[in-house]
Amino acid sequence: MKLLESELKVLSVLWQEGEMPASVLYRILAEKVGWNKNTTYTVLKKSIEKGLIERQEPNFICKPLKTREEMGIQSANDIVNKMFEKSPALFLNAFLGSTKLSEKEIEEAKKLLDNM
């Protein structure tokens, strides 16, 4: 499932602040990104249809159904599958080959790979 930038903005607020009424979410997004009410409710509707957010009554409470970590893993898997022939090794080679890591980060990555 492709996560749109607009859906990520909504989810980011919910991950940071927790579940809330749509009216409060709208005010936060209006302040942060300048969205009007219609934009917020349209993105909410599509996010609910995609199974990213749950609407609870009363008061149209919005609750994320996926964690930031779950969405990150899903997005990474989508990239590996589409861009790197479903090969995590090709992905890691491309990513790590173009990224400067500190010694600490290199040790952490080695530990993660050893534990797999």
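Reader: Which element gives the largest share of the lining of the second largest pocket?

Author: Happy to start there. Rolling a probe the size of a water molecule over the atoms shows where empty space is left. In this predicted model, helix H4 (68-83) supplies seven residues to the lining of the second largest pocket, the largest share. Helix H1 (5-17) and H4 are the elements that each give two or more residues to that lining.

Reader: Which residues line the second largest pocket, and what volume does that pocket have?

Author: Its volume is about 190 Å³. The lining includes Met1, Lys2 and Leu3, along with Leu8 and Trp15. Arg68, Met71, Gly72, Ser75, Asp78, Ile79 and Lys82 also belong to the lining. Sorted by class, the lining holds six nonpolar, two polar and four charged residues.

Reader: Good, now the largest pocket. How much space lies in it, and which residues lie nearest its centre?

Author: The largest pocket holds about 470 Å³ of space. Its lining is made of 19 residues, and those nearest the centre are Phe91, Leu92, Leu96, Leu112 and Leu113. Two or more lining residues come from each of helix H4 (68-83), helix H5 (88-97) and helix H6 (103-115). H6 provides the largest share, with seven residues.

Reader: How do the residues of that lining divide into nonpolar, polar and charged?

Author: In the largest pocket, 15 lining residues are nonpolar, one is polar and three are charged.

Reader: Let's turn to the backbone. Which residues does a cis peptide bond join?

Author: Most residues other than glycine have a negative phi, and most peptide bonds are trans. Here, the bond between Glu57 and Pro58 is cis, with omega about 0 degrees. You will find Pro58 in the loop that runs between strand E2 (53-56) and strand E3 (61-64).

Reader: And phi? What value does Asn59 have, and where is Asn59 found?

Author: Asn59 is not a glycine, yet its phi is positive, about 75 degrees. Asn59 sits in the loop between E2 and E3. Phe60 is found in that loop too, and its phi is also positive, near 50 degrees, in a residue other than glycine.

Reader: Is Asn59 buried or exposed, and what does Phe60 count as?

Author: Asn59 has a relative accessible area of 59%, so Asn59 is exposed. Phe60 counts as buried because its relative accessibility is 14%, and the cut-off for buried is under 20%.

Key. Residues are numbered from 1 along each chain as its sequence is written. This is a predicted model: local features need pLDDT of at least 70, side-chain atom pairs count only at pLDDT 80 or more; totals for chains, interfaces and linings use all residues. Side-chain values use heavy atoms; hydrogens and water are left out. On a 1 Å grid over the protein atoms alone, a cavity is a set of points where a 1.4 Å probe fits but cannot get out, and a pocket is an open set with protein on both sides within 12 Å along at least five of seven lines; lining residues have an atom within 4 Å of a point. Grid points are joined across faces, edges and corners, and a volume is the space filled by probe spheres set on the points. Helices (H or I, at least four residues) and strands (E, at least two) are DSSP runs, numbered from the N terminus. Ala, Val, Leu, Ile, Met, Phe, Trp, Tyr, Cys and Pro count as nonpolar, Asp, Glu, Lys and Arg as charged, and the others, Gly among them, as polar. Buried means under 20% relative accessible area, exposed over 50%, partly exposed in between (1.4 Å probe, protein chains only).
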